[in-house]
Amino acid sequence: MTFLICGLGSIGKRHLRILKKTGDHKFIALRSGGSGSGKAENIDVEITDIKNITDHKIDGALITNPTSLHISTAIELAKQKIPLFIEKPLGKNLDGADELLKIVEHAGIPVLIGYNFIYHPAIIKIKELIAENKIGKVISARAQFGTFMPHWHKDEEYKNSYAANASMGGGVVLTSIHEQNYLTDMFGEIVNIKAMETGGDNIGIDAEEGAEILLKHKSGVVSNIHLNFYQKPYFRNLQIIGSEGTILWDFMKPEIKILFKDNTEVLKLGDDPMELLDKSYEGQMTHFIQVASGKEQSRIPLSKGIDDMKVALQILKEIGRN
């Protein structure tokens, strides 16, 4: 297969490495830096203008450029009827989303939104436990994510990154939309939203550094999401409270705990949490290959990406950032 990768930042390079392992593929890179930035490793062809894609037969395109460019890039590629992988979030807003959806639906173009945590062994297992009523009726959930943005990439000025700038679709709400996505996947659509900004100006970025979010799902479950860009050390976990017990997952431990009144069950998922993270990305790309080939239906279609954006934009409105 021939893949077009639009943007070779850290996430684009990660997807490229994974795709290289899945078969004898050809890779074309659309890069804004051009030849002056040096030829990228593992790339067969580089182009600097999206109009030049018509010179190639492309089986699937990965949109991994800055968030603010996702929808406009997707529209140009959809016009060529190219199957699309769009890295989360769908955009910095929904400008152009209706046009993209119309093109995609009319032409029957498969689209996968890139939420790798949906493929994480822990999230997959937790969904199974919920379906099995392992902890009885789910009442509430709390997801937490905290990281110290200045330590992300030592060779880059973090304040210049897309995640640090609201104009490029940055800020913790959109950049860390994973929790919102998998909670709605578990418990259904959102019917009520409350949120407050936290943190203030700890790391000096042009976007919100933290948010406390309360969501009411149509299913009756109430979930709470805490997100921040100022926490040391890295912290990510999920707690789900049911009528008969509690499920606990710590991202940094390759296991899930199920707590009952008189005992605790520990489900081992592997030996290394980073291996589990790798599996999530590998599962995602394997799925995209099948989606682009017409062999599987998209696990997370464009319509879900739009729904997630509507919730995220309402959260930003709640905290006064939209």
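This is a predicted model: local features need pLDDT of at least 70, side-chain atom pairs count only at pLDDT 80 or more; totals for chains, interfaces and linings use all residues.
Trainee: Which residues line the largest cavity?

Mentor: Val-173, Ser-176, Ile-177, Gln-180, Ile-213, Ile-225, Leu-227 and Ile-315 line it. A cavity is a set of points on a 1 Å grid over the protein atoms alone where a 1.4 Å probe fits but cannot get out, and lining residues have an atom within 4 Å of a point.

Trainee: How much space lies in the largest cavity?

Mentor: About 30 Å³. The search of the whole structure finds one cavity of 30 Å³ or more.

Trainee: And how does the lining split by class?

Mentor: Six residues are nonpolar, two are polar and none is charged.

Trainee: New topic. Why is helix 6 largely enclosed by the rest of the structure?

Mentor: Helix 6 covers residues 178-187, and nine of its ten residues are buried, so the rest of the structure largely encloses it. Buried means under 20% relative accessible area with a 1.4 Å probe, protein chains only. Helices are DSSP runs of H or I with at least four residues, and strands are E runs of at least two.

Trainee: Which ones are buried in helix 6?

Mentor: His-178, Glu-179, Gln-180, Asn-181, Tyr-182, Leu-183, Thr-184, Met-186 and Phe-187. Gly-188 follows the helix, with a positive phi near 95°.

Trainee: What about the largest nonpolar core? Which members touch the most others?

Mentor: It has 102 residues, and Leu-4, Leu-77, Tyr-182, Leu-238, Ile-240 and Trp-249 touch the most other members. Helix 8, residues 302-318, gives the most to this core: eight residues. The core joins buried Ala, Val, Leu, Ile, Met, Phe, Trp, Tyr and Cys residues through side-chain atoms within 4.5 Å.

Trainee: Pick Leu-238. What is it in contact with?

Mentor: Leaving aside neighbours within four places in sequence, its contacts (heavy atoms within 4.5 Å) include Ile-123, Arg-142, Tyr-182, Met-186 and Trp-249.

Trainee: What stands opposite Arg-142 in strand 11?

Mentor: Gln-239. In strand 10, Val-222 is the bridge partner of Ser-140.

Trainee: Is strand 7 mostly covered or mostly open?

Mentor: Mostly covered, with eight of its eleven residues buried.

Note on methods
Residues are numbered from 1 along each chain as its sequence is written. Side-chain values use heavy atoms; hydrogens and water are left out. Buried means under 20% relative accessible area, exposed over 50%, partly exposed in between (1.4 Å probe, protein chains only). On a 1 Å grid over the protein atoms alone, a cavity is a set of points where a 1.4 Å probe fits but cannot get out, and a pocket is an open set with protein on both sides within 12 Å along at least five of seven lines; lining residues have an atom within 4 Å of a point. Grid points are joined across faces, edges and corners, and a volume is the space filled by probe spheres set on the points. Ala, Val, Leu, Ile, Met, Phe, Trp, Tyr, Cys and Pro count as nonpolar, Asp, Glu, Lys and Arg as charged, and the others, Gly among them, as polar. Two strands pair if DSSP finds at least two bridges between them.
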